[in-house]
Amino acid sequence: PSTERNLGDGVVPADALRAAGASVALGSDSQAHIDLLEEARQLEGHLRLLRLRRNVLDPGTGAADGLGARLLQAATQGGARALGLPVGELRPGAPADFAVLRLDHPSLVGAQPAHLLASVLLGARSDAVRDVYVQGRPIVLGGGHPAQSETAAAFAQVLRRLVAAA
């Protein structure tokens, strides 16, 4: 959704796609930023503006956190299916890809357990993510990539060289 907004391509009609039986997947092509929580927020938020109502992607099952579950599914299983990867759920035999959130983060304080998924997917900031594991290996610990400062310094050096050469 952020790329479509940035390019002016319009709103992805995810509600109509789901109604037609299509699988909806969230991801990023790194157009402007990579923030899967923001992509989930924008997917629902754009549809709210277009349809002039709330909870557009709520499956209508009556579940307390139906909208959160639908957005999580698009961000995990939907994305994995779109890429042909055997990931997107925690189960025996599947790669252990998961994130650990700080429930004491200001954007999540007071979230009710019955609505935790929706609170995370519609309200949590990306810095509420404390740890990220891919195939069981820690990639982000304590909110930062282990090599983040080295990578940032190398990136800044490349940018300075590019600007100087321009």
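**Fold, helix packing and surface contacts of the predicted chain**

Read from one end of the sequence to the other, the chain follows the pattern α-α-α-α-β-α-β-β-α, which amounts to six helices and three strands, where helices (H or I, at least four residues) and strands (E, at least two) are DSSP runs numbered from the N terminus. The model is predicted, and for that reason local features need pLDDT of at least 70 and side-chain atom pairs count only at pLDDT 80 or more, whereas totals for chains, interfaces and linings use all residues. Residues are numbered from 1 along each chain as its sequence is written, and side-chain values use heavy atoms, with hydrogens and water left out.

Along its principal axes, the C-alpha trace of the chain spans about 55 × 40 × 35 Å. Of the 166 residues in the chain, 26% are buried, a class that is defined by a relative accessible area under 20%, while exposed means over 50% and partly exposed lies in between (1.4 Å probe, protein chains only).

Two helix pairs illustrate the packing. The axes of helix α4 (residues 66-83) and helix α5 (residues 116-123) come within 7 Å and cross at roughly 55 degrees, and α4 is therefore oblique to α5. Axes are here lines fitted to C-alpha atoms, for helices over the stretch in contact, and angles run from 0 to 180 degrees between N-to-C directions; angles under 35 degrees count as roughly parallel, over 145 as roughly antiparallel, 65 to 115 as roughly perpendicular and the rest as oblique. The crossing of α4 with α5 is left-handed, a term that applies if the near helix is turned anticlockwise from the far one by less than a right angle, with right-handed used if the turn is clockwise. Helices α3 and α4 pack with their axes 10 Å apart and at an angle of about 125 degrees, so that these two helices are also oblique to each other, and their crossing is right-handed.

In the loop between α2 (14-19) and α3 (36-51) lies A25, a residue that is partly exposed, with a relative accessible area of 36%. Although A25 and A40 are 15 residues apart in sequence, their C-alpha atoms are 9.8 Å apart in space.

A search of the whole structure finds six salt bridges, each defined as a side-chain nitrogen of Lys or Arg within 4 Å of a carboxyl oxygen of Asp or Glu. Among them is the contact between R102 and D104, with an N to O distance of 3.4 Å; R102 is partly exposed at a relative accessible area of 31%, whereas D104 counts as exposed at 54%. In another, the side chains of D127 and R125 meet at 2.5 Å, N to O, and both count as partly exposed, D127 at 36% and R125 at 47% relative accessibility. A further salt bridge joins D131 to R130, the closest N and O atoms being 2.9 Å apart; here D131 counts as buried at 7% relative accessibility, while R130 is partly exposed at 37%.

The surface also carries a nonpolar patch of about 380 Å², made by F155, V158, L159 and L162. Patches are made of residues with over 30% relative accessible area and no salt bridge, like charges being joined within 9 Å and nonpolar side chains (Val, Leu, Ile, Met, Phe, Trp, Tyr) within 5 Å, and accessible areas come from the Shrake-Rupley method with a 1.4 Å probe, only the protein chains shown counting as cover for residues.
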